[in-house]
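User: I'm new to reading structures. Can we go through this one together, feature by feature?

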Amino acid sequence: MDHQTALGSLFSPEGRDDPYPAYDVLRAHSPVLLAPDERWYVTTHALTNRLLRDPALRLADASDYDQFWPGWRQNRGVASVVLSMLQTNPPDHTRVRRAAAATFTPKRIAAMRDVIAEQAADLIEAMPDGADFMTAFAYPLPIGVICSLLGVPAGDRAWFREKAADLTVVLEPISTVDEMELADAAGRELENYFIGLIAERQKNPREDLTSALIATGGTLTGEELLANLVLLLVAGFETTANLLGTGLHLLLTMPAQAHRLRADPELSPAFVEEILRYDSPVQLTSRFAAEDLDLDGVAVPAGAGLTMLLGAANRDPARYPDPHRFDPDRPSIQPVSFGGGAHYCLGAPLARLEAQVAFPLLLTTLPKLALSAEPVRRDRLTLRGFASIPITTG
Ligand code: HEM
């Protein structure tokens, strides 16, 4: 396969199913290469790591969208993402991120360990034989945990899964008109939901993250508060559900590794890092060059769009010898799966904690857990994971 075919394959269902052979071809060709769509694709660990921290790269923010897509605010799915911290640049990003980080504290996250363990144990107990792991566990756990953090009632959780799935399509490089309409509808419904919740918490504050974000006073505009609440909810579980699904699938296809983790749950942090590296739930992220760049001798002009292939960086043999081997014993596993620099994932400690608690609990409580049929992948490139993983509990 030549590099142009490899790049094209990422936009086909087969390529999305297993993008790693294409990543190898692209990386071997160059650390950064220009695609026919005039975007630059970054393939190596070293360059990705550097660029994620480079202030010369910016996110396409609201003012950029105003120029290339004047009607973007009418699609409320797009608006929720663009108006959130995820697509904001300094100084706004610094201000909003600081306010959110002050509420999303290590102490608040660490205090979630018991909530996570309790919710995971309940889901395992209720898991029927022949269940789909994604429906019975991988989605409900992160939904339950983020809803507990935000103070969202338990009854609304199934509804959130559907809305988040509809909304996150705006993160994909390509989407259909129908998908964009669904994203718009989901954005509107989620905004209305949070408008109601904000009004309620303004009257009756509680010990939850929503009340804490409201209490930051005028630091966030009303529009920013709303967009970031939607982001926290959506970013919080599509990604973590995929980490749980991908991780369980790997463990069930590698019984010797599952046996090690079952016997020694202390290995869980190393397993989770290797799962994140081996098959990242977020496969790419995008920026544009705010000035002319020299990338390892390749001239990239100001204004150019760059896509960093996080999944390719995580399998770079220059950083991880024998990269296609799953090996939790690797020294210093530091995947770029949570990004890096100013936009480094705010929820990384929470996602890690959920996975670190969930895997040993699943393996010890259900020692006969096994796949009962072939799992089905979701046909998405950016948010990589499974649509269903049929399992038997033995
Ligand atoms: C395995 C699970 C997760 C993965 C792989 C993941 C991945 C990422 C990545 C790659 C970014 C940076 C995007 C960029 O630089 O363009 C990011 C940002 C973000 N993530 Fe996560 N995430 C996960 C879970 C979570 C959770 C559980 C939450 C919240 C509850 C969360 C909230 C956020 C937020 C708010 C940002 C934006 C940070 C900023 O722009 O400053 N994520 N995530």
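This is a predicted model: local features need pLDDT of at least 70, side-chain atom pairs count only at pLDDT 80 or more; totals for chains, interfaces and linings use all residues.

User: Okay, is arginine 27 buried or exposed?

Analyst: Its relative accessible area is 11%, so arginine 27 is buried. Arginine 27 makes a salt bridge with aspartate 24, with the closest N and O atoms 3.0 Å apart. Aspartate 24 is partly exposed, at 25%.

User: Which residue does glutamate 224 form a salt bridge with?

Analyst: That's arginine 95, with 2.9 Å between the closest N and O atoms. Glutamate 224 is in helix H15 and arginine 95 in helix H7, so this pair ties together parts 129 residues apart in sequence. Glutamate 224 is buried at 12%, while arginine 95 is partly exposed at 28%.

User: Now the ligand. What donor does the protein give to its iron atom?

Analyst: For a metal, we look for N, O or S atoms within 2.8 Å. Here the iron has a single protein donor, the SG atom of Cys345, 2.3 Å away. Cysteine 345 belongs to the loop between helices H18 and H19.

User: And which element gives the most residues to the shell around the ligand?

Analyst: H15 does, with seven residues. The shell divides into 15 nonpolar, nine polar and two charged residues. Side chains also reach ligand oxygen atoms: a polar atom of arginine 287 is 2.8 Å from one, and an N or O atom of threonine 285 is 2.5 Å from one.

Methods: Residues are numbered from 1 along each chain as its sequence is written. Side-chain values use heavy atoms; hydrogens and water are left out. A polar contact is a pair of N or O atoms within 3.5 Å; within protein, one must be able to donate a hydrogen and the other to accept it, and residues adjacent in sequence count only if both atoms are side-chain atoms. Helices (H or I, at least four residues) and strands (E, at least two) are DSSP runs, numbered from the N terminus. Ala, Val, Leu, Ile, Met, Phe, Trp, Tyr, Cys and Pro count as nonpolar, Asp, Glu, Lys and Arg as charged, and the others, Gly among them, as polar. Donors are N, O and S atoms within 2.8 Å of the metal (3.2 Å for Na, K and Ca); water is not among the atoms, so sites may look incomplete. A salt bridge is a side-chain nitrogen of Lys or Arg within 4 Å of a carboxyl oxygen of Asp or Glu. Buried means under 20% relative accessible area, exposed over 50%, partly exposed in between (1.4 Å probe, protein chains only).
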